Amino acid sequence: MSAATDHADVVLPAEGPEQEIARDLARRAAWVSPAFLVLGAVLGGVDGAVSAGLALLLVAGNFLLGAAIIGRAVSVSLNALYGAVLLGYVVRLGLLAVIALAFKSTGWFSAVPFAITLLVTHLGLLAAETKRVSMTLAHPGLAPSARKVGDEPSTDPTSPQE
Amino acid sequence: MLNVLAQTAAGEMLEGLKAIGAGLGYGLAAIGPGIGIGTVVGNAISAMARQPESAGMARTTMFLGIAFTEALALIGFVVFILLMP
């Protein structure tokens with residue numbers, strides 16, 4: 001077996017940076033939710049606000065589920081990562097469609113606020129997050145300045161590491 | 001009577017065609033991001049295999065790349081929701 005295909009010696013961090021980023025994205029989605037709920041209420045009344053809330057939940061859930069799939073698969077192997085990401089993509093798109101269609105049949109659905117909230121929050125949160133991630137070997141994931149107080153890893157060499 | 005039946009049939013057919021078009025649009029819109037995600041993940045895996053010490057950095061970039069690519073599929077999803085009768 002060639003060295004390029006033998007992944008046994010690949011050392012991967014236990015806590016995934018993608019999960020840290022996804023949690024931060026979900027936290028930021030909660031921060032911006034009042035603005036989108038108000039926008040939904042203006043565009044479609046109560047139905048619009050509920051639809052905007054559903055769109056926010058779907059965006060945050062999509063990020064968290066995607067990160068969980070990657071984090072789980074990367075602990076198995078790199079080949080599992082490839083399969084899980086592509087399968088997870090199909091599953092997540094299917095879940096989005098099923099949840100939205102099920103919600104649409106309840107009568108509380110307003111398509112325009114839902115669509116605006118879904119696209120704007122997904123792209124907006126990601127664009128904002130690019131400023132908060134760190135592309136260094138020392139700090140993969142969120143930049144140290146973007147971490148909440150208490151989230152920083154311990155620098156004390158005598159303290160037990162998880 | 002026949003005229004009313006013909007109009008009803010045409011209306012139902014239109015609704016059915018809308019649903020088929022929405023489903024096809026969503027499926028077609030998901031193809032491009034699928035290829036893009038495959039490229040992103042493939043290159044990230046290659047990077048992690050070549051330089052295991054930079055796996056965290058590759059995973060960060062990979063996650064953001066996947067999420068940005070997925071936005072294209074979400075546009076197809078929004079069109080699907082707007083078109084569905």
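Predicted model: local features only at pLDDT ≥ 70, side-chain atom pairs only at ≥ 80, totals over all residues.

Student: What share of the contacts in chain A between residues at least 6 apart in sequence joins residues at least 24 apart?
Tutor: Chain A has 162 residues, of which 41% are buried. Of its contacts between residues at least 6 apart in sequence, the share that joins residues at least 24 apart is 70%.

Student: How far does helix α3 of chain A reach from its first C-alpha to its last?
Tutor: Helix α3 of chain A covers residues 111-129, which is 19 residues. At 1.5 Å a residue the expected span is 27 Å, and the computed reach is close to that, at 27 Å.

Student: Which element of chain B is included in what covers the buried residues of α3(A)?
Tutor: The buried residues of α3(A) include A:Phe114, A:Leu118, A:His122 and A:Leu125. Within chain A, their cover includes the helices α1 (17-74) and α2 (78-104), as well as the strands β1 (133-135) and β2 (140-142). From chain B, the cover includes α2 (55-83).

Student: What percentage of the residues in chain B score a pLDDT of at least 70?
Tutor: The model as a whole has an ipTM of 0.83 and a pTM of 0.81. For chain B, the average pLDDT is 88, and the percentage of residues that score at least 70 is 91%.

Methods
Residues numbered from 1 in each chain as written. Chains lettered and ligands numbered in written order. Heavy atoms only, no water. Buried < 20%, exposed > 50% of the residue type's maximum accessible area, 1.4 Å probe, protein only. Contact = heavy atoms within 4.5 Å. Helix = DSSP H or I, 4+ residues; strand = E, 2+ residues; numbered from the N terminus. Expected span 1.5 Å × (residues − 1). pLDDT = per-residue confidence, 0-100.
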